[in-house]
Structure formats: structure tokens, C-alpha cells
Amino acid sequence: MANRLVSSSTLLNLRPFVRAFNSSPSSITTDVSPLNFREKPDDDTPIFPACAAAAATTTSTIDLGDVKALFSSMSTAKLLRASGNLHLAALEPMVDFGMWLMKSGLMETAGLRGIVLGTIRHTFFEHFCAGRDAEEAGRTARRIWESTGMRAMLNYALEHTTDNPTSDRNLEAFIGTVEASKPLPPSSVSFVIAKITAICSIDLLKRVSDLLRWQYRNPSFHLPWKHNCFPIFADSSPFYHTLERPDPLTPEEEEDLQLALQRLFKLCHNCREANLPVSVDAEYTSVQPAIDYLTYAAAIEYNKDKNNPIVYGTIQAYLKDSMDRLFLAAQAADKMGVPIGFKLVRGAYLCSETQLASSLGYDSPVHNSIQETHACYNGCASFLLDRIANGSGTVVLATHNIESGKLLATKARELGISKEDHKVQFAQLYGMSESLSFALKNAGFQVSKYMAYGPIEKVLPYLLRRAEENRGLLSSSSLDRLLMRKELKRRVKAAVLGGDS
């Protein structure tokens, strides 16, 4: 087993990154985002010292002031639709009513259901989703690539699986996404997104997570089915999910776990053949240990090219143990000579994580304030950028936070990381944080849009969950709305008065 403790010299080196973690707790005032990207775009939270100093002494690497340049690739019609949809999505009463309506018995009325779904399809669905199937998503990816140069992270929005036949069908859907990307322009798709909960049941993932937790606390506890993987826990990780010694997996459960691993390996094999990385999404802490276990086992098997890892794990910076786990996994990967890629996000399940911990009489595993989450995110990102500058690893910086975008772009430039280097990519949700995406792309960085797709009936539960858990994200689109409105006014003025205005 890899060392659990970070060395004292390493902790001293990381002190600028983690100093903010120990600040006095404040009340939680905001949730985190739908696809793990939730942040306030205009937050002026102090960032870790190294980046703050760089930002204070250099001109910002990205420019949000030139709205003509920002939205040059968007037609006026598309700009109007986008602005209108974001304004509608920011209306809390409308979101509340929409969620109530979708969950009510009224949706069983055929006529009303058709009207509601039709309205959603032509407004929010078209704005936030890439299409109803892989073909439509491919067309959207091609259009975005050709008009903006931004890439697609294609996510078939599947619900949680319940049995092996459903898991097999979900695997084929993920592989279908890989196949759909092949005829698209080279480099137009940056990732296929996979959810382990779509190819392995939640109940089994909870059982495996319990057993992994117990083994960490009791190293002599033998898990005969366990493959080699990177460290999953740190001493700072939450263990309240597993208070009693769990029963071993039954033969049937072991077989189902092996089937789940085979499904993930099959997807990774197809991705390697297509030279298209797969990014495994993060979930709740109750099942995340099993997800990390499967992801890291696949990374060890398939990440052979130093400059192009196939399997990416996800680190959720809103968790208090995220920096410790990130460091330990990266350290172990280096020792094993396995290139490792991470998608760094803030997190998506603040309310449910806090409620579960509180119900069991434990502190939340989530940072006590959004400021601490920001500091942790930026600290983790800085650590990963330093590794890349030294020739190790790759990262997707998934963020909607303007300050993080500015500071990390500046950090990458200060370290001499090429803007064209695919080892560093930024990502935002499709339909969200357009101004940040365009600004980063205009500055020369690699930028991807996370594109969910699928039949509206499949995507709808996914969108409702995100709206209910993270309604603040859509309201935090205020900067996009402001800048879009400014550009629309500029275009109207130019049309009326002539010239560039």
C-alpha cells in the first residue's frame, strides 16, 4: 500500500496552496454546479499567493472587455436566443414552477406533456444540450469547432443502472459516442465522458466503497478481487459511511464487479483505438471510492503514452480531502511510471453531502465556505500546472469562475506552458460561461465545452437534478447576460448609425 502521509517537506512546499483551507469557517452561502463547475463568475475571493502575486504584476492573459471580439463567432440571432434563455433560466420562480410541473401528475396528460416537452426542447434543451442523439451531437460539435475552434466533451446523459443488461446497453451507448466522433474533424472532440454509475449499480458501488474504506483503516483486511490502483483515500478522507465491518462481496457481487471493470476496459480499449481520451465523472462520496478504484485500475492498464493518457479521473475541489488525495494519487502514478490525467472541478453535490454527514453526526466533507473551495481549486490547479511544467501529467481545468480562469491562464504562461499544449485544457458547460470560453480561446488556450446529449426524456431528469441541486449556477450567468446585452446594443447601434460603433 502506498504511503498514506504526505512528507513534511512536501507539505512545506504545498503550504501556499493549503493555507486558505485552515481559515475560520463561514456559513455556506452558495451551492456548487451541475456538472461540477459551479462558481460565481465575478467573485473576488483571494486566490493562492503565487497566482495572486503574478496577477498583480502582469497584465491579464485573457480579455473580457472587448465584447465584439468575444462574441464574433455568434450570429445576432444566436446571441439573442442565448441571452433570452439565460435570462429565463435565472428566474427562480420559473425554475421552481418548471420543476414542480415536471414532477407533478399533470405530466401524465398526453397533450400537456407534449406541449411542455416541446417548449423545453426549443428553449433550454437546445441551449444547454448538444442534441437528441449522437448524430445531432456530432453536428453540434462540428459546428462549434468550425465556428469557434472549441472542442467537445461528449456526454450521453445516462441515468443510473440497476442491472447487468441495462449496464451493457449503457456501455454500447458510450461506445456509440466514440464511434460518432470518428467522422468528425480531427481534434474537434476532446473527450468522451463516462459515468461509472451507468455501467455498475449504485448498490454494488456502495458495497465496494465500504470494503475499500474498511481496508484503508485496517490494512490486514483482505480484498481478493482488488486490482492494483493508485491511492484512493487520505487520512483526511471521510469514513463515516462505513462504521461497521462490512460483509465480503458474495460470489455474485464479485462477478458483477468484474463485469463492470470489463465494461470500463472495453470502453477504454475503444477510446485508445480512436485516440480519444475518456473522462470519468465524479459522484457522491458514498460511491466515489469505488469509482476511483475502477478509474485508476483502468488508467494503469491503458495510460501508456506519456503525452496522451487515455483515462482521466476527476477531483472535486469542494471536498476537504481533495488536495491530499490528488497529491497521493499523482505521487503513486509517478513512482509507477504511469502518466495520469485529471479533470479538476469544484463539485456538484453540496447539499446532499452536508445533509448525510449531519444526519450521522459528522462534519460535512465539503469545505465550510465557497471561499475555501475556491482556494482549494486554485491550489490543486497550481499543483497540477507545476507538474505539467516539469513534464508530468495532464489536466482539464473545468471552471466557470472568471478569477480562476484569469489566474490559472497567467500561471500557465508564467510557467512557460504553451497555450497550444493539449496537456492543459480549460472546459465549461455547453451554453454556460460563454464569455470565459471565448476569452480563453481568443487568448490561444485549448478550450472544450461539456456537451450533454440524449432524448429529451433521458436528459430531462439529469437537467432537473442539476437545477434543483445547483439553481445558483444559472443565476451566476449574470456576467454572460451582461456582456451579451452589451454586444447586442453595440450591434444595434452599428446597424442604425453605421460603422463599427
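Which residues of helix α15 are buried? They are Ile 402, Ser 404, Gly 405, Leu 407, Leu 408, Ala 409, Thr 410, Lys 411 and Ala 412. Before going further, please keep in mind that this is a predicted model. The protein chain has 501 residues, and buried ones make up 58% of them. Its secondary structure comes to 19 helices and 8 strands. Among contacts with a separation of 6 or more, 82% are between residues 24 or more positions apart.

**Helix α15**

- Helix α15 covers residues 402-414, and its end C-alpha atoms are 18 Å apart; this agrees with expectation, because 13 residues at 1.5 Å a residue should span 18 Å.
- After α15 comes Gly 416, with a positive phi near 80°.

**Helix α14**

- Helix α14 runs over residues 370-389, which makes 20 residues.
- From first to last C-alpha, α14 reaches 28 Å, close to the 28 Å expected at 1.5 Å a residue.
- Most of α14 is covered, with 17 of its 20 residues buried.
- Gly 391 follows α14, and its phi is positive too, near 90°.

- Lys 343 belongs to strand β5, residues 341-345.
- Is Lys 343 buried or exposed? Lys 343 counts as buried because its relative accessibility is 1%, and the cut-off for buried is under 20%.
- Setting aside residues up to four places away in sequence, Lys 343 touches Met 153, Ile 193, Ser 279, Asp 281, Tyr 312, Gly 313, Thr 314, Ile 315, Val 396, Ala 398 and Tyr 450.
- Val 424 is part of strand β7, residues 424-429.
- With a relative accessibility of 3%, Val 424 counts as buried.
- Beyond its neighbours within four places in sequence, Val 424 is in contact with Leu 385, Ile 388, Val 395, Leu 397, Ile 417 and Gln 446.

- Arg 143 sits in helix α7, which covers residues 134-148.
- The relative accessible area of Arg 143 is 36%, so Arg 143 is partly exposed.
- Not counting residues up to four places away in sequence, Arg 143 touches Lys 78 and Tyr 430.
- The side chains of Arg 143 and Tyr 430 are joined by a polar contact of 3.3 Å.
- Arg 143 and Ser 188 are 45 residues apart along the chain, with 9.5 Å between their C-alpha atoms.

- As background, most residues other than glycine have a negative phi.
- What is the phi of Ser 187? Its value is near 75°, positive in a residue other than glycine.
- Ser 187 has its place in the loop between α8 (164-181) and β2 (189-194).
- Ser 187 counts as partly exposed, because its relative accessibility is 36%.
- Asn 275 also is not a glycine, yet has a positive phi of about 55°.
- The loop that holds Asn 275 lies between α10 (251-274) and β3 (278-280).
- Asn 275 counts as exposed because its relative accessibility is 53%, and the cut-off for exposed is over 50%.

- How many cavities of 30 Å³ or more does a search of the whole structure find? The search finds 6.
- The volume of the largest cavity is about 110 Å³.
- This largest cavity is lined by 13 residues, and the closest to its centre are Pro 238, Thr 285, Pro 289, Asp 321 and Arg 325.
- Helix α11, residues 288-302, gives the largest share of that lining, with 3 residues.
- By type, the lining of the largest cavity divides into 5 nonpolar, 4 polar and 4 charged residues.

How values were computed: Residues numbered from 1 in each chain as written. Predicted model: local features only at pLDDT ≥ 70, side-chain atom pairs only at ≥ 80, totals over all residues. Heavy atoms only, no water. Helix = DSSP H or I, 4+ residues; strand = E, 2+ residues; numbered from the N terminus. Buried < 20%, exposed > 50% of the residue type's maximum accessible area, 1.4 Å probe, protein only. Contact = heavy atoms within 4.5 Å. 1 Å grid on protein atoms, 1.4 Å probe; cavity = no way out; pocket = protein on both sides within 12 Å on 5 of 7 lines; lining within 4 Å. Points joined across faces, edges and corners; volume = space filled by probe spheres on them. Nonpolar A, V, L, I, M, F, W, Y, C, P; charged D, E, K, R; others polar. Expected span 1.5 Å × (residues − 1). Polar contact = N/O pair within 3.5 Å; in protein donor to acceptor, adjacent residues only side chain to side chain.
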